[in-house]
Amino acid sequence: MSIIILGELHGWHKATASERVVRIATEAFQDQADPTPWWPVLRSTGGWTLAATAPGETDGATKADVGELVLDERPPKADRFGISKLTELLDGLSVVGWPLHLYALDRDECDITRRVPLAVLTIGELERRTYSRVLRPRDRTADFDTIRAAGPGVYAGTGGAEGPPALASVGKELLIGRHRHLEPTYLGMDPANGCHLYSVSQGLPMGGYTEVRSRGRVWPEVAGVPASGRWMQDAARGLLWVGPGDVGTITCAAGGVVDQAGTVIETAGAAAAWLARHSGALTAAEIDAAALVAGANRPVCLWLRAGDPTSLRSAMDDLTRSVRVHWYLNPMGALTFARGGRPTDEPPSAMLRAGVDFITTVTEDRVSGIPPRTVRVRYARNDKVLSANDMVTEVSPEDRAALMAEWLEEVSPDDPDLVAACPIPREEPVDTRLSTSAAAAAEAVERRNDGWDPPARHKLPLKRLPTEHIGQIVTVIDAEHPDVGAAGRLGRIAEVKVDLSGEDNAVWVILGGAA
């Protein structure tokens, strides 16, 4: 290897009741401006793989496979008391749950400021062996399976905005995006004005209620305390008041939680990032803000009723899968989003050259089945489907049909060339969190086209540690490979493998048009 791997292992030192940082490395190193040594106890083994989800898989999250790291110091490097330097460094230090920062530095460099950050790994397990310790990092997204997507907030059941006793300790509801028809959480009669009180955003600012119905009939909004058959709202607190009396089933259309600028959050990346912060899984500093625009800018919607146990991972998968965007925690621990599929209109940000950056292009087999002739995208799911008996007679036939339909649908149009190419009229239904007809129609066409021409993957065995990331657009040049050529092709990074031994580093790309 031409580089040294440096590590800063954080932990809690029991004797001093304070945080301590242990400097480790694959070779002995000392910075020219800092006398604190980096001890050569880190073996050049281990690494990690980030792989973008294949289009046909149900899991929307990018898979992370993190290997173990070995700290080792064998005799005769023991001191005069027979205690190894490794034992001395880790004595009384608890590292499980603490981070390990890894860096790469050129062997000829003596300036630590030139180190390149590789990863921030959280230690999940420590195995003790004779003269060695095995550190097994944990995948932080494993916690996303048990964290409630709507957040930790629960109703107190004390009345008013905290709901009746029946809602005590029930998790609060949450609306993200613009919903066409849902049943808000009923909080009981408001003692302040005698009206029925409802909520969709657990007290958070939201985009407002745009329509309120009773038994399917639209009721008008008023500015003051509503009389029977009227309603008013407080968008700053996400609250809805409906006038007193027998109101039946109240349903509404509404815009969900807003960002700091007061704009309804409704793109997949922004919605998933907001959920990760609101649920307490990540901090704002752990969000890659530059990657929030990844993927098609198509509106999505997510409604979680009070008490809904949907996990954070499931909600983020649903949102990003709807627009074919991958999400993952990158090696530095930041939540990141990336587009999948072939490169389109994005410019390349790096160049990979055969013989310089990688050895040669290796084409992998492309798996394909019977392609869909049409794709049926279902969108704008109706949270409260009404039957004919649930609605009053004056509801129009158009409204009646919309209120009785669980989904709205858009179907990709027939393509004569595709019909002629395949005699089997296969249709592929797709359930999404998309919220508009235009978004669903565009998604249907793109999914149909991808099904007819699934992209192949090409492995590029690297001669160095990868610095690329999933979704990145690169220019690939390989004069010896017929799919690439000397002029080069654009490629999207679909998988990254890091091997600290330097023997099996690689990236996988999906090729697009000419560079």
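## Close-up views of a predicted model

**View 1. Strand β3 meets strand β29.** Strand β3 (residues 47-51) runs antiparallel to β29, and 5 bridges join them. Strands here are DSSP runs (E, at least two residues), while helices are runs of H or I with at least four residues; both are numbered from the N terminus. Two strands count as paired if DSSP finds at least two bridges between them. Leucine 50 has valine 496 in β29 as its bridge partner. This is a predicted model, in which local features need pLDDT of at least 70, side-chain atom pairs count only at pLDDT 80 or more, and totals for chains, interfaces and linings use all residues. Residues are numbered from 1 along each chain as its sequence is written, and side-chain values use heavy atoms, with hydrogens and water left out.

View 2. Strand β29 covers residues 485-499. Of its 15 residues, 11 are buried, so β29 is largely enclosed by the rest of the structure. Buried means under 20% relative accessible area, exposed means over 50%, and partly exposed lies in between (1.4 Å probe, protein chains only). Strand β28 (residues 473-478) pairs with β29 in the antiparallel sense over 5 bridges. Threonine 475 stands opposite leucine 490 in β29. A hairpin of 6 residues joins β28 to β29. Strand β30 (residues 506-514) also pairs with β29 in the antiparallel sense, over 7 bridges. There, valine 496 has valine 507 in β30 as its bridge partner. The hairpin of β29 and β30 has 6 residues between the strands, and its glycine 502 takes a positive phi near 80 degrees.

**View 3. An open sheet of 4 strands.** The order is β12-β13-β17-β16, with antiparallel pairing. β12 and β16 (231-234) stand at the edges with a single partner strand each, so one side of each has no neighbour in the sheet. On average, neighbouring strands of this sheet are turned by 25 degrees against each other, direction ignored. β12 and β13 run antiparallel and are joined by 4 bridges. Glycine 188 has leucine 197 in β13 as its bridge partner.

**View 4. Histidine 196 and its surroundings.** Histidine 196 lies in strand β13 (residues 196-199). Its relative accessible area is 9%, so histidine 196 counts as buried. Its side chain makes a polar contact of 2.9 Å with that of tyrosine 186. Such a contact is a pair of N or O atoms within 3.5 Å; within protein, one must be able to donate a hydrogen and the other to accept it, and residues adjacent in sequence count only if both atoms are side-chain atoms. Beyond neighbours within four places in sequence, histidine 196 is in contact (heavy atoms within 4.5 Å) with residues including Met189, Trp241 and Pro244.

**View 5. Aromatic pairs.** The structure holds 2 aromatic pairs. Rings of Phe, Tyr and Trp (its six-membered ring) pair if their centres lie within 6.5 Å; planes under 30 degrees apart are stacked, over 60 edge-to-face, and the rest tilted. Phenylalanine 144 and tryptophan 327 are stacked, at 5.7 Å centre to centre and 15 degrees between the planes. They are 183 residues apart, and both are buried. Tyrosine 186 and tyrosine 198 form a tilted pair, at 5.1 Å and 45 degrees. Tyrosine 186 lies in strand β12 (residues 185-189) and tyrosine 198 in strand β13. Tyrosine 186 is partly exposed, at 37% relative accessibility, whereas tyrosine 198 is buried, at 6%.

Notes:
Axes are lines fitted to C-alpha atoms, for helices over the stretch in contact, and angles run from 0 to 180 degrees between N-to-C directions.
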